[in-house]
Amino acid sequence: MNYRETLDWMFAQLPMYQRQGASAYKIDLQNTIRLADYLGNPQTDFKSIHVGGTNGKGSTSHMLASILQEAGYKVGLYTSPHLKDFRERIRINGKEITKEYVVDFVQKHQLFFEENQLSFFEMTVGMAFQYFADSNIDIAIIEVGLGGRLDSTNIITPEISVITNIGLDHTRFLGNTLTKIAIEKAGIIKENTPVIIGRTTPETKKVFAAKAAACNSDLYFASEYEERIYTSDLKGDYQKENIRTALQTISILKNMGWNINQEITERGLKKVVSNTGLLGRWQVLQQNPKVICDTAHNIDGLKVVLRQLLVEVYDHLHIVLGVVNDKDLHAILSLFPTSAQYYFAKPDIPRGLDEKKLRKTAEKFNLQGEDYNSVKEAYNAALQQATIKDVVYVGGSTFVVAEII
(Lines give C-alpha, C1' and ligand atoms only; values in the text may rest on other atoms or scores of the structure.)
Protein backbone atom coordinates (compact mmCIF):
# COMPACT_ATOMS: atom_id res chain seq x y z
CA MET A 1 0.00 0.00 0.00
CA ASN A 2 1.11 3.57 -0.61
CA TYR A 3 0.51 6.36 1.90
CA ARG A 4 -2.99 7.26 0.69
CA GLU A 5 -4.05 3.62 0.57
CA THR A 6 -2.67 3.10 4.07
CA LEU A 7 -4.70 6.01 5.45
CA ASP A 8 -7.81 4.82 3.63
CA TRP A 9 -7.41 1.42 5.26
CA MET A 10 -6.90 2.96 8.70
CA PHE A 11 -9.92 5.25 8.41
CA ALA A 12 -12.24 2.75 6.77
CA GLN A 13 -11.51 -0.42 8.69
CA LEU A 14 -10.84 0.77 12.22
CA PRO A 15 -13.23 2.77 14.41
CA MET A 16 -12.14 6.31 15.19
CA TYR A 17 -13.95 8.42 17.77
CA GLN A 18 -13.55 11.72 15.92
CA ARG A 19 -15.48 10.33 12.95
CA GLN A 20 -17.82 7.75 14.42
CA GLY A 21 -18.50 8.78 17.99
CA ALA A 22 -19.61 6.36 20.69
CA SER A 23 -18.90 3.13 18.81
CA ALA A 24 -15.16 3.89 18.83
CA TYR A 25 -14.89 4.57 22.56
CA LYS A 26 -13.23 1.70 24.42
CA ILE A 27 -14.02 0.97 28.05
CA ASP A 28 -10.59 -0.34 29.07
CA LEU A 29 -6.90 -0.23 28.17
CA GLN A 30 -6.43 -3.93 27.47
CA ASN A 31 -5.99 -3.50 23.71
CA THR A 32 -3.45 -0.74 24.20
CA ILE A 33 -1.53 -2.77 26.78
CA ARG A 34 -1.60 -5.79 24.46
CA LEU A 35 -0.27 -3.68 21.58
CA ALA A 36 2.47 -2.12 23.74
CA ASP A 37 3.61 -5.57 24.89
CA TYR A 38 3.61 -6.79 21.30
CA LEU A 39 5.78 -3.80 20.26
CA GLY A 40 8.18 -4.28 23.18
CA ASN A 41 6.76 -1.44 25.31
CA PRO A 42 8.35 1.44 23.39
CA GLN A 43 6.74 3.96 25.79
CA THR A 44 9.35 2.98 28.39
CA ASP A 45 12.22 4.08 26.13
CA PHE A 46 11.66 7.84 26.44
CA LYS A 47 10.68 10.43 29.03
CA SER A 48 7.34 12.15 28.66
CA ILE A 49 4.89 14.77 29.89
CA HIS A 50 1.22 13.80 29.85
CA VAL A 51 -1.26 16.62 29.12
CA GLY A 52 -5.00 16.24 29.62
CA GLY A 53 -7.99 18.51 30.22
CA THR A 54 -11.17 19.66 28.53
CA ASN A 55 -9.77 22.71 26.73
CA GLY A 56 -6.27 24.03 26.15
CA LYS A 57 -4.41 20.73 26.24
CA GLY A 58 -3.37 21.03 22.59
CA SER A 59 -2.08 24.59 22.92
CA THR A 60 -0.34 23.79 26.21
CA SER A 61 1.30 20.72 24.67
CA HIS A 62 2.61 22.75 21.75
CA MET A 63 3.92 25.48 24.09
CA LEU A 64 5.84 22.92 26.14
CA ALA A 65 7.24 21.30 23.02
CA SER A 66 8.38 24.66 21.64
CA ILE A 67 10.14 25.66 24.86
CA LEU A 68 11.92 22.31 25.14
CA GLN A 69 12.97 22.52 21.49
CA GLU A 70 14.46 25.96 22.12
CA ALA A 71 16.37 24.42 25.02
CA GLY A 72 18.05 22.09 22.54
CA TYR A 73 16.18 18.91 23.35
CA LYS A 74 14.87 16.44 20.78
CA VAL A 75 11.14 16.62 21.45
CA GLY A 76 8.38 14.30 20.35
CA LEU A 77 4.84 15.68 20.19
CA TYR A 78 1.71 13.56 20.01
CA THR A 79 -1.63 15.35 19.59
CA SER A 80 -5.08 14.75 18.13
CA PRO A 81 -7.07 15.23 16.02
CA HIS A 82 -5.23 16.44 12.94
CA LEU A 83 -6.50 19.24 10.73
CA LYS A 84 -5.14 18.51 7.26
CA ASP A 85 -2.88 15.45 7.34
CA PHE A 86 -2.73 12.47 9.67
CA ARG A 87 1.01 13.03 10.15
CA GLU A 88 0.33 16.23 12.14
CA ARG A 89 -0.44 13.96 15.09
CA ILE A 90 3.14 12.69 15.41
CA ARG A 91 6.05 15.13 15.23
CA ILE A 92 9.65 15.44 16.35
CA ASN A 93 10.97 18.99 16.72
CA GLY A 94 8.04 20.17 14.61
CA LYS A 95 8.72 17.78 11.74
CA GLU A 96 5.93 15.35 10.92
CA ILE A 97 6.44 11.61 10.92
CA THR A 98 7.39 10.47 7.43
CA LYS A 99 4.89 8.89 5.08
CA GLU A 100 7.27 5.97 4.70
CA TYR A 101 7.24 5.26 8.44
CA VAL A 102 3.43 5.33 8.55
CA VAL A 103 3.18 2.90 5.62
CA ASP A 104 5.87 0.56 6.92
CA PHE A 105 4.44 0.49 10.46
CA VAL A 106 0.95 -0.41 9.29
CA GLN A 107 2.13 -3.01 6.78
CA LYS A 108 4.42 -4.65 9.33
CA HIS A 109 1.73 -4.94 12.00
CA GLN A 110 -1.47 -5.06 9.97
CA LEU A 111 -2.22 -8.68 10.80
CA PHE A 112 -1.92 -7.99 14.54
CA PHE A 113 -4.20 -4.95 14.22
CA GLU A 114 -6.86 -6.99 12.43
CA GLU A 115 -6.66 -10.01 14.71
CA ASN A 116 -7.05 -7.83 17.82
CA GLN A 117 -9.57 -5.40 16.30
CA LEU A 118 -7.60 -2.36 17.39
CA SER A 119 -9.20 1.05 17.15
CA PHE A 120 -7.73 3.82 15.03
CA PHE A 121 -6.62 5.63 18.17
CA GLU A 122 -4.97 2.57 19.76
CA MET A 123 -3.05 1.88 16.59
CA THR A 124 -1.98 5.51 16.21
CA VAL A 125 -0.76 5.73 19.79
CA GLY A 126 1.30 2.60 19.25
CA MET A 127 2.76 4.12 16.10
CA ALA A 128 3.68 7.34 17.92
CA PHE A 129 5.35 5.56 20.81
CA GLN A 130 7.32 3.29 18.49
CA TYR A 131 8.41 6.23 16.33
CA PHE A 132 9.59 8.21 19.35
CA ALA A 133 11.50 5.21 20.70
CA ASP A 134 13.11 4.51 17.31
CA SER A 135 14.12 8.17 17.02
CA ASN A 136 15.89 8.36 20.40
CA ILE A 137 14.09 11.49 21.53
CA ASP A 138 14.87 13.23 24.81
CA ILE A 139 11.24 13.74 25.84
CA ALA A 140 7.75 13.50 24.38
CA ILE A 141 4.74 15.70 25.05
CA ILE A 142 1.75 13.36 24.94
CA GLU A 143 -1.73 14.88 24.66
CA VAL A 144 -4.65 12.85 25.98
CA GLY A 145 -7.21 12.05 23.31
CA LEU A 146 -10.44 11.64 25.29
CA GLY A 147 -10.88 11.66 29.05
CA GLY A 148 -7.77 10.34 30.74
CA ARG A 149 -8.24 7.25 32.87
CA LEU A 150 -9.17 5.02 29.93
CA ASP A 151 -7.42 6.94 27.17
CA SER A 152 -4.97 4.92 25.09
CA THR A 153 -2.12 7.27 25.98
CA ASN A 154 -2.52 6.41 29.67
CA ILE A 155 0.04 3.63 29.68
CA ILE A 156 2.97 6.03 30.05
CA THR A 157 4.74 6.92 33.29
CA PRO A 158 5.47 10.61 32.71
CA GLU A 159 7.85 13.05 34.37
CA ILE A 160 4.87 15.32 35.02
CA SER A 161 1.11 15.04 34.59
CA VAL A 162 -0.72 18.20 33.45
CA ILE A 163 -4.49 18.80 33.57
CA THR A 164 -5.43 22.12 32.01
CA ASN A 165 -9.06 22.48 33.13
CA ILE A 166 -12.38 20.69 33.43
CA GLY A 167 -15.51 21.50 31.44
CA LEU A 168 -18.67 19.78 30.28
CA ASP A 169 -17.70 17.96 27.11
CA HIS A 170 -18.04 14.33 25.98
CA THR A 171 -20.55 13.88 28.80
CA ARG A 172 -21.87 10.63 27.30
CA PHE A 173 -18.52 9.03 28.05
CA LEU A 174 -17.05 10.97 30.96
CA GLY A 175 -20.09 11.91 33.06
CA ASN A 176 -22.49 14.83 33.24
CA THR A 177 -20.98 16.73 36.17
CA LEU A 178 -17.64 18.48 36.65
CA THR A 179 -16.82 16.11 39.49
CA LYS A 180 -17.39 13.00 37.36
CA ILE A 181 -15.37 14.41 34.49
CA ALA A 182 -12.57 15.46 36.86
CA ILE A 183 -12.36 11.89 38.17
CA GLU A 184 -11.82 10.63 34.62
CA LYS A 185 -9.25 13.33 33.84
CA ALA A 186 -7.46 12.69 37.16
CA GLY A 187 -6.84 9.15 35.94
CA ILE A 188 -3.59 10.34 34.35
CA ILE A 189 -2.13 11.19 37.77
CA LYS A 190 0.56 8.61 38.57
CA GLU A 191 2.39 7.47 41.69
CA ASN A 192 5.09 9.87 42.91
CA THR A 193 4.70 12.05 39.82
CA PRO A 194 4.25 15.85 40.05
CA VAL A 195 0.85 17.12 38.93
CA ILE A 196 0.12 20.55 37.42
CA ILE A 197 -3.48 21.78 37.40
CA GLY A 198 -4.44 24.72 35.19
CA ARG A 199 -7.88 25.97 36.23
CA THR A 200 -10.03 24.50 38.98
CA THR A 201 -13.43 24.86 40.56
CA PRO A 202 -14.14 23.96 44.21
CA GLU A 203 -15.50 20.56 43.21
CA THR A 204 -12.69 19.66 40.78
CA LYS A 205 -9.97 20.87 43.15
CA LYS A 206 -11.15 18.35 45.73
CA VAL A 207 -10.92 15.54 43.19
CA PHE A 208 -7.37 16.43 42.16
CA ALA A 209 -6.20 16.90 45.73
CA ALA A 210 -7.57 13.51 46.77
CA LYS A 211 -6.08 11.69 43.78
CA ALA A 212 -2.67 13.35 44.18
CA ALA A 213 -2.62 12.49 47.88
CA ALA A 214 -3.53 8.87 47.14
CA CYS A 215 -0.67 8.69 44.64
CA ASN A 216 1.80 10.48 46.95
CA SER A 217 2.27 13.04 44.16
CA ASP A 218 3.13 16.71 44.62
CA LEU A 219 0.29 18.95 43.44
CA TYR A 220 0.80 22.38 41.87
CA PHE A 221 -1.77 24.91 40.70
CA ALA A 222 -1.01 27.22 37.80
CA SER A 223 -3.04 29.94 39.51
CA GLU A 224 -0.36 30.04 42.22
CA TYR A 225 2.52 30.52 39.76
CA GLU A 226 4.23 33.76 40.84
CA GLU A 227 7.18 34.12 38.50
CA ARG A 228 7.31 36.23 35.36
CA ILE A 229 4.52 35.69 32.81
CA TYR A 230 5.53 35.81 29.14
CA THR A 231 3.48 36.37 26.01
CA SER A 232 3.13 33.99 23.10
CA ASP A 233 2.57 34.07 19.36
CA LEU A 234 -0.73 32.29 20.10
CA LYS A 235 -3.10 35.25 20.41
CA GLY A 236 -6.41 33.91 21.68
CA ASP A 237 -7.38 35.38 25.06
CA TYR A 238 -7.68 31.85 26.43
CA GLN A 239 -3.95 31.35 25.84
CA LYS A 240 -3.14 33.43 28.92
CA GLU A 241 -4.35 30.55 31.06
CA ASN A 242 -2.48 28.00 28.97
CA ILE A 243 0.72 30.05 29.18
CA ARG A 244 0.53 30.06 32.97
CA THR A 245 0.00 26.29 32.98
CA ALA A 246 2.96 25.77 30.66
CA LEU A 247 5.19 28.04 32.76
CA GLN A 248 4.30 26.21 35.96
CA THR A 249 5.20 22.96 34.22
CA ILE A 250 8.53 24.33 32.98
CA SER A 251 9.30 25.56 36.50
CA ILE A 252 8.90 22.03 37.87
CA LEU A 253 10.99 20.58 35.03
CA LYS A 254 13.80 23.03 35.88
CA ASN A 255 13.67 21.86 39.49
CA MET A 256 14.03 18.30 38.21
CA GLY A 257 17.27 19.21 36.42
CA TRP A 258 16.13 20.09 32.91
CA ASN A 259 18.29 22.87 31.45
CA ILE A 260 15.78 25.63 30.63
CA ASN A 261 16.38 29.31 31.43
CA GLN A 262 14.14 32.37 31.21
CA GLU A 263 15.47 33.45 27.81
CA ILE A 264 14.76 30.01 26.35
CA THR A 265 11.27 29.97 27.87
CA GLU A 266 10.39 33.39 26.48
CA ARG A 267 11.73 32.50 23.04
CA GLY A 268 9.90 29.20 23.00
CA LEU A 269 6.56 30.82 23.79
CA LYS A 270 7.00 33.35 21.01
CA LYS A 271 7.80 30.66 18.41
CA VAL A 272 5.12 28.05 19.05
CA VAL A 273 3.68 28.13 15.53
CA SER A 274 7.01 28.07 13.70
CA ASN A 275 8.51 25.44 16.03
CA THR A 276 5.55 23.06 16.17
CA GLY A 277 3.22 23.84 13.26
CA LEU A 278 0.17 24.46 15.45
CA LEU A 279 -2.87 25.66 13.48
CA GLY A 280 -6.42 26.77 14.14
CA ARG A 281 -6.10 28.60 17.46
CA TRP A 282 -7.44 32.13 16.94
CA GLN A 283 -5.70 32.00 13.58
CA VAL A 284 -6.06 35.04 11.33
CA LEU A 285 -6.17 33.78 7.76
CA GLN A 286 -6.37 37.14 5.99
CA GLN A 287 -7.15 40.83 6.38
CA ASN A 288 -9.72 43.02 4.56
CA PRO A 289 -12.00 41.32 5.35
CA LYS A 290 -10.39 39.90 8.44
CA VAL A 291 -10.92 36.14 8.65
CA ILE A 292 -10.48 34.37 11.99
CA CYS A 293 -10.80 30.66 12.62
CA ASP A 294 -10.71 28.76 15.88
CA THR A 295 -11.20 25.12 16.80
CA ALA A 296 -13.19 25.84 19.99
CA HIS A 297 -16.13 23.44 19.99
CA ASN A 298 -17.57 23.13 23.49
CA ILE A 299 -19.31 25.53 25.86
CA ASP A 300 -16.26 26.56 27.87
CA GLY A 301 -14.09 27.06 24.81
CA LEU A 302 -16.70 28.91 22.78
CA LYS A 303 -17.56 31.31 25.61
CA VAL A 304 -14.02 32.67 25.67
CA VAL A 305 -13.61 32.77 21.89
CA LEU A 306 -16.93 34.52 21.26
CA ARG A 307 -16.20 37.05 23.98
CA GLN A 308 -12.98 37.94 22.16
CA LEU A 309 -14.73 37.95 18.79
CA LEU A 310 -17.32 40.48 19.92
CA VAL A 311 -14.66 43.07 20.81
CA GLU A 312 -13.25 42.97 17.28
CA VAL A 313 -13.88 46.14 15.28
CA TYR A 314 -16.06 45.58 12.21
CA ASP A 315 -19.05 46.87 10.26
CA HIS A 316 -20.69 43.44 10.05
CA LEU A 317 -19.91 40.02 11.46
CA HIS A 318 -20.20 36.88 9.33
CA ILE A 319 -20.06 33.44 10.99
CA VAL A 320 -19.45 30.20 9.13
CA LEU A 321 -20.75 27.57 11.54
CA GLY A 322 -20.81 23.80 11.63
CA VAL A 323 -20.93 21.28 14.46
CA VAL A 324 -20.91 17.56 15.12
CA ASN A 325 -24.06 15.74 16.10
CA ASP A 326 -23.22 14.85 19.71
CA LYS A 327 -23.01 18.40 21.06
CA ASP A 328 -25.55 20.10 23.31
CA LEU A 329 -26.82 22.21 20.44
CA HIS A 330 -29.12 24.43 22.48
CA ALA A 331 -26.40 25.28 25.00
CA ILE A 332 -23.90 26.08 22.25
CA LEU A 333 -26.19 28.13 20.00
CA SER A 334 -27.33 30.27 22.93
CA LEU A 335 -23.77 31.64 23.12
CA PHE A 336 -23.69 33.07 19.59
CA PRO A 337 -24.57 36.71 18.76
CA THR A 338 -27.88 37.42 17.04
CA SER A 339 -26.41 40.38 15.17
CA ALA A 340 -24.25 38.25 12.87
CA GLN A 341 -25.02 36.80 9.45
CA TYR A 342 -24.73 32.99 9.52
CA TYR A 343 -23.56 30.46 6.96
CA PHE A 344 -24.47 26.97 8.14
CA ALA A 345 -22.67 23.87 6.86
CA LYS A 346 -22.07 20.23 7.75
CA PRO A 347 -18.49 19.15 8.46
CA ASP A 348 -17.46 16.48 5.97
CA ILE A 349 -17.39 13.57 8.44
CA PRO A 350 -20.05 11.01 9.40
CA ARG A 351 -20.62 12.75 12.75
CA GLY A 352 -21.29 16.11 11.13
CA LEU A 353 -24.69 17.63 11.92
CA ASP A 354 -26.91 18.23 8.89
CA GLU A 355 -26.77 21.89 7.87
CA LYS A 356 -30.53 22.23 7.52
CA LYS A 357 -31.12 20.88 11.01
CA LEU A 358 -28.48 23.26 12.34
CA ARG A 359 -30.10 26.24 10.61
CA LYS A 360 -33.60 25.38 11.83
CA THR A 361 -32.40 24.97 15.40
CA ALA A 362 -30.36 28.16 15.17
CA GLU A 363 -33.44 30.10 14.09
CA LYS A 364 -34.97 29.35 17.48
CA PHE A 365 -32.16 31.46 18.94
CA ASN A 366 -32.67 34.24 16.36
CA LEU A 367 -29.51 33.29 14.48
CA GLN A 368 -30.32 34.10 10.87
CA GLY A 369 -28.63 32.84 7.74
CA GLU A 370 -28.55 30.27 4.96
CA ASP A 371 -27.43 26.67 4.81
CA TYR A 372 -24.88 25.41 2.28
CA ASN A 373 -23.90 22.06 0.83
CA SER A 374 -20.34 22.22 2.15
CA VAL A 375 -18.12 24.18 4.48
CA LYS A 376 -16.13 25.56 1.55
CA GLU A 377 -19.31 26.73 -0.16
CA ALA A 378 -20.43 28.45 3.03
CA TYR A 379 -17.00 30.02 3.49
CA ASN A 380 -16.88 31.30 -0.08
CA ALA A 381 -20.36 32.79 0.31
CA ALA A 382 -19.24 34.62 3.44
CA LEU A 383 -16.19 36.01 1.68
CA GLN A 384 -18.31 37.20 -1.24
CA GLN A 385 -20.79 39.01 1.00
CA ALA A 386 -18.25 40.53 3.40
CA THR A 387 -16.80 43.97 2.79
CA ILE A 388 -13.23 44.94 3.62
CA LYS A 389 -14.37 46.35 6.98
CA ASP A 390 -16.20 43.18 8.03
CA VAL A 391 -15.02 40.19 10.04
CA VAL A 392 -15.57 36.55 9.05
CA TYR A 393 -15.35 33.92 11.80
CA VAL A 394 -15.13 30.21 11.01
CA GLY A 395 -15.70 27.67 13.76
CA GLY A 396 -17.96 25.46 15.83
CA SER A 397 -15.89 22.34 15.18
CA THR A 398 -12.28 21.32 14.60
CA PHE A 399 -13.45 19.69 11.38
CA VAL A 400 -14.97 22.91 10.04
CA VAL A 401 -11.68 24.72 10.54
CA ALA A 402 -9.80 21.86 8.92
CA GLU A 403 -11.74 22.27 5.70
CA ILE A 404 -10.84 25.93 5.14
CA ILE A 405 -7.28 26.22 6.47
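Where is the place of glutamate 88?

**View 1. Glutamate 88 sits in the loop between strand S2 (75-78) and strand S3 (90-92).** Here, as in every view, helices (H or I, at least four residues) and strands (E, at least two) are DSSP runs, numbered from the N terminus. This is a predicted model, in which local features need pLDDT of at least 70, side-chain atom pairs count only at pLDDT 80 or more, and totals for chains, interfaces and linings use all residues. Residues are numbered from 1 along each chain as its sequence is written, and side-chain values use heavy atoms, with hydrogens and water left out. Glutamate 88 is buried but has no salt bridge, and the nearest side chain of opposite charge, that of arginine 91, is 4.6 Å away. Buried means under 20% relative accessible area, exposed over 50%, and partly exposed in between (1.4 Å probe, protein chains only). A salt bridge needs a side-chain nitrogen of Lys or Arg within 4 Å of a carboxyl oxygen of Asp or Glu; for charge, Lys and Arg count as positive and Asp and Glu as negative, while His and the chain ends are not counted. The side chain of glutamate 88 does reach the backbone nitrogen of leucine 83, at 2.8 Å.

**View 2. In helix H3 (residues 30-39), Asn31, Thr32, Leu35, Ala36 and Leu39 are buried.** Seen down the axis of H3, these buried residues fall within an arc of 135° (taken from the directions from the helix axis to the C-beta atoms), so they line one face of the helix. Helix H5 (99-116) and helix H6 (120-134) are among the elements that cover them. Glycine 40, with a positive phi near 90°, follows H3.

**View 3. Strand S14 (residues 391-395) is mostly covered, with 5 of its 5 residues buried.** In a regular strand the side chains alternate between the two faces of the sheet. Val391, Tyr393 and Gly395 are buried on one side of S14, and Val392 and Val394 are buried on the other. Strand S10 (residues 290-293) runs parallel to S14 and is joined to it by 4 bridges, while strand S11 (residues 317-321) pairs with S14 in the parallel sense over 5 bridges; strands pair if DSSP finds at least two bridges between them.

**View 4. Valine 305 has its place in helix H13 (residues 299-309).** Valine 305 counts as buried because its relative accessibility is 0%. Leaving aside neighbours within four places in sequence, valine 305 is in contact (heavy atoms within 4.5 Å) with Tyr238, Trp282, Asp294, Ala296 and Tyr393.

How values were computed
A polar contact is a pair of N or O atoms within 3.5 Å; within protein, one must be able to donate a hydrogen and the other to accept it, and residues adjacent in sequence count only if both atoms are side-chain atoms.
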